[in-house]
Amino acid sequence: MSKRIPKVTLVLLVALVCVMAAGSALWALDLGDILKVGGVAFLVNQYGGKIDSFITSALGQRNAAAVGATKVVPILSLGGGGYIGAAQVVGNPDSVKKVKAVFQLEGRIGSFRPKILVPTYVDKVQGTPERAKGVGVSAVIEFRI
Amino acid sequence: MVRRSRVPLVMAVALLAVLLAAAAFSAVTATSRASERNGRPAGEVLIGDNLVMVLLTSAGIYSPSDRAGIVAERLNDAMSAGLQAEQLSARSLPGGEGVYAGERLIVSVYGPEANAHGSTPAALADSWRDSIGRVLFPGEALPEPEPPAAEQPAETPGPAESAPPSGELDWTGTAQKWVPIFSLETEGAYLGAAQIAGPTAQVNKVKGVAELRLNFQNIGRIYAYVPTATISITKLDRVQGVSVWATGDIRLAKF
């Protein structure tokens with residue numbers, strides 16, 4: 001019996017393919033990069049609970065931990081060199097449960113650094129990625145692709 | 001000819017009836033859909049085919065149909081957890097009224113929503129609770145509504161004590177705003193603006209966002225956003241339930 005590909009991995013791979021197809025990436029992607037993205041996404045999905053506890057514990061030492069509905073999901077950052085890692089999301093408990101990944105769009109205009117964080121879920125009816133309302137990012141650990 | 005006992009047959013029929021009843025109950029789910037009332041967008045909540053609630057107002061970033069979707073999910077969660085008639089109640093929450101399934105908030109009712117229905121928050125919450133109860137528990141008595149706050153005994157906890165814990169903040173009344181962000185990094189200090197969002201009462205408390213960041217050249221980076229209630233570098237007073245959506249900053253000092 002074939003095993004289904006996790007939706008989050010699918011979303012990340014589709015995003016990567018889109019970036020490659022657009023030809024707008026400033027860095028070259030090879031098979032190693034794709035494996036790195038898939039591998040990190042897999043590990044984050046497997047150990048999200050432990051990473052969530054680690055982040056909460058680390059921030060808790062400075063009374064800065066997010067309490068309540070939190071979850072760790074893969075994050076893919078584009079526009080600032082390319083990073084993949086884990087993001088702790090916080091917000092509306094109903095929406096936090098649905099979030100599958102976070103996409104971060106970064107830029108640099110001189111010394112100005114704009115950044116947009118897009119927590120994303122997959123619409124069960126349409127099967128398309130959608131922005132999760134009421135959810136934002138609390139903390140991020142990511143590695144350069 | 002051997003005559004079979006009727007007992008196993010009766011038991012089998014009874015078992016089948018129980019299974020059918022259980023299947024019928026478990027098949028009931030709450031759904032939502034977008035609609036219009038007097039040319040204005042509305043969100044409808046249904047249980048099975050029965051309309052139990054119409055939401056007419058937006059709350060923060062949530063349209064009426066978004067709110068209806070949230071309410072439907074909460075109802076489904078409550079039904080999955082084995083909701084009973086006596087758990088369904090309408091009672092006060094800070095700034096308004098709420099319909100609850102046990103301790104689980106299903107929907108909150110504030111002034112604007114009640115005004116749009118030509119009602120009061122308490123009356124509208126009672127009406128929605130009754131609608132849900134009639135569909136899920138036909139013929140069963142629901143708990144009596146709580147008396148108005150003025151008639152409550154003196155030992156009734158105040159709003160601060162009766163407010164839900166931070167993990168159960170009321171997300172149907174949400175807001176967003178831009179606040180200053182101060183980022184301390186290995187390369188320097190940055191200052192800019194951050195867009196935050198969360199429950200209205202929590203967002204109002206936020207004075208700024210502190211970003212703590214460690215960059216490891218060519219390897220990776222670790223950073224955290226902490227929405228704080230005070231502008232202080234030495235003390236972080238995190239406001240719970242608030243998150244960061246976007247930032248923009250420039251470098252103030254280079255280390």
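Me: Before we start, what should I know about the numbering and the confidence limits?
Reply: Residues are numbered from 1 along each chain as its sequence is written, while chains are lettered from A and ligands numbered from 1 in the order in which they are written. The model is predicted, so local features need pLDDT of at least 70 and side-chain atom pairs count only at pLDDT 80 or more, whereas totals for chains, interfaces and linings use all residues.

Me: How many helices and strands does chain B have?
Reply: Helices (H or I, at least four residues) and strands (E, at least two) are DSSP runs, numbered from the N terminus. Chain B has six helices and eleven strands.

Me: How do I read a sheet, and in what order do the three strands of chain B come?
Reply: Start with pairing: two strands pair if DSSP finds at least two bridges between them. Here the order is S1-S2-S3 in chain B, an open sheet with antiparallel pairing. Strand S1 (30-37) and strand S3 (50-55) of chain B each have a single partner strand, so they stand at the edges with one side lacking a neighbour in the sheet. From one strand to the next, the twist averages 30 degrees. Angles run from 0 to 180 degrees between N-to-C directions, with axes as lines fitted to C-alpha atoms, for helices over the stretch in contact.

Me: How many bridges join S2(B) to S3(B)?
Reply: Five bridges link strand S2 (residues 40-47) of chain B to S3(B), and the two run antiparallel. One pair to click on is Val45(B) with its bridge partner Met53(B) in S3(B).

Me: Which strands does helix H2 of chain B touch in that sheet?
Reply: Contact means that the C-beta atoms of two residues, placed from the backbone, lie within 7 Å. Helix H2 (residues 64-80) of chain B packs on the sheet and touches S1, S2 and S3 of chain B, with its direction at about 10 degrees to that of S2(B). Helix H4 (residues 121-136) of chain B packs there too, touching S2 and S3 of chain B, and its direction makes about 160 degrees with that of S3(B).

Me: Why does the length of H2(B) agree with its residue count?
Reply: The expected span of a helix is 1.5 Å times one less than its number of residues. For the 17 residues of H2(B) that should give 24 Å, and the end C-alpha atoms are 24 Å apart, so the two agree. H4(B), with 16 residues, should span 22 Å and has its end C-alpha atoms 23 Å apart, which agrees. After H2(B) comes Gly82(B), with a positive phi near 85 degrees.

Me: Which residues of H4(B) are buried, and what covers them?
Reply: A residue is buried if 20 or more other C-beta atoms lie within 10 Å of its own, exposed if 12 or fewer, and partly exposed in between, with C-beta atoms placed from the backbone. In H4(B), the buried ones include Leu124(B), Trp128(B) and Ile132(B). Their cover includes S2, S3, strand S4 (88-93), S5, S6 and helix H3 (111-116) of chain B. In H2(B), Ile70(B), Val71(B) and Leu75(B) are among the buried residues. The buried residues of H2(B) pack against elements including helix H3 (93-98) of chain A.

Me: Which residues touch the most other members of the largest nonpolar core?
Reply: Nonpolar side chains tend to be buried together in soluble globular proteins. A nonpolar core is a set of buried Ala, Val, Leu, Ile, Met, Phe, Trp, Tyr and Cys residues joined through C-beta atoms within 7 Å. The largest has 51 residues, and Ala87(A), Val89(A) and Val102(A) touch the most other members. Helix H2 (residues 31-60) of chain A gives the most to this core, seven residues. Another core, of 30 residues, lies apart from it and includes Ala30(B) and Leu105(B).

Me: How many residues of chain B are in contact with chain A?
Reply: On the chain B side there are 34, in contact with 34 residues of chain A. S11(B) supplies the largest share of the chain B side, nine residues. Strand S6 (residues 135-144) of chain A also pairs with S10(B), antiparallel, over five bridges. There, Glu142(A) has Arg221(B) as its bridge partner in S10(B).
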